[in-house]
Amino acid sequence: ANVASYLRHHKIKQTGTDVPMPLVGSAWQNLKERWRVEDYLIDNLVRFGWRHPTAVQRGAMPVMLDNRDALVGAPTGSGKTLTYLLPLLHHLGAPAKKEGYRAVVVCPTNELATQIHEQLRRLGDGRKWKINVLTKPTQAEKNQKQEASKKKYDVLITTPLRLVHAIEEEEVDLSAVRYLVLDEADRLLDEGFLQQTDSILAACTHPQLRKALTSATLPSGIEELAKTFMVDECRILVGKKDG
Ligand code: ADP
Ligand code: MG
């Protein structure tokens with residue numbers, strides 16, 4: 001197949017060096033053929049009733065599966081969540097016993113964090129993934145802080161303000177984090193997000209940290225932010241004629 005016309009057909013625009021081929025074909029088989037994505041993940045997608053990848057999933061999942069930094073712009077409702085959740089579980093492989101957080105998803109609201117958690121829980125069904133959603137703590141939880149921080153989770157989903165607080169309070173240890181996702185980054189841009197991002201990045205000290213940033217649009221503020229911490233990233237833009 002002619003990749004260029006395929007990308008045009010799906011309104012996928014890719015920029016970067018050696019951007020991986022999009023997912024082609026009708027179903028999820030490509031994930032298995034190209035990256036040996038495990039059956040349980042694909043089975044769960046089928047169980048959701050999701051028969052085909054969406055355009056942004058076709059364009060952006062290969063970038064993250066290839067372990068590259070990704071800047072993803074696609075409209076609301078286009079399926080951006082799976083583009084990072086599936087590669088994340090694929091790379092983590094199996095729940096770990098002692099390592100602590102290996103992936104962090106940062107999103108604008110507690111409600112969104114809950115939705116991402118729900119999708120991740122369903123996608124990871126069949127493995128005993130330990131996922132923590134960190135939202136505004138209740139007093140009871142504050143009292144139990146010591147207890148909670150001892151637990152070893154694989155994935156953390158939270159908001160920037162809450163995460164920065166947790167870092168400052170030494171409530172979380174992000175030194176084993178390999179995957180940092182900034183979801184819906186356009187909605188995070190005000191409210192001191194640049195500074196929060198700096199603190200979060202400073203806490204993620206693992207040398208092999210991969211980053212993904214998703215956004216409904218890629219305004220210059222997002223591009224500027226991405227430039228400060230992305231390395232040899234691929235940029236995937238969907239749904240714009242010549243954006
Ligand atoms: P975005 O983050 O781009 O706004 P979401 O990831 O929240 O979009 O997905 C939007 C909706 O599409 C959700 O209800 C999700 O369950 C559904 N969805 C995602 N991927 C697929 C797919 N491949 N096939 C069918 N539905 C999908
Ligand atoms: Mg989203």
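How do the residues of the shell around ligand 1 divide into nonpolar, polar and charged? I get four nonpolar, eight polar and two charged. Here Ala, Val, Leu, Ile, Met, Phe, Trp, Tyr, Cys and Pro count as nonpolar, Asp, Glu, Lys and Arg as charged, and the others, Gly among them, as polar.

Ground rules: this is a predicted model, where local features need pLDDT of at least 70, side-chain atom pairs count only at pLDDT 80 or more, and totals for chains, interfaces and linings use all residues. Residues are numbered from 1 along each chain as its sequence is written, chains are lettered from A and ligands numbered from 1 in the order written, and side-chain values use heavy atoms, without hydrogens and water.

An oxygen atom of ligand 1 sits 2.5 Å from a side-chain N or O atom of Thr-81. For polar backbone atoms, I noted 3.1 Å to Gly-79 and 3.2 Å to Ser-78.

Next, the rings. I found two aromatic pairs in the whole structure (ring centres within 6.5 Å; planes under 30 degrees apart are stacked, over 60 edge-to-face, the rest tilted; for Trp, the six-membered ring is used). Phe-48 and Trp-50 have centres 4.9 Å apart and planes at 75°, so I logged them as edge-to-face. Tyr-101 and Tyr-153 are stacked, with 6.0 Å between centres and 5° between planes.

Last, Leu-86: beyond its neighbours within four places in sequence, I list contacts (heavy atoms within 4.5 Å) including Leu-31, Met-61 and Leu-123.

How values were computed:
Polar contact = N/O pair within 3.5 Å; in protein donor to acceptor, adjacent residues only side chain to side chain.
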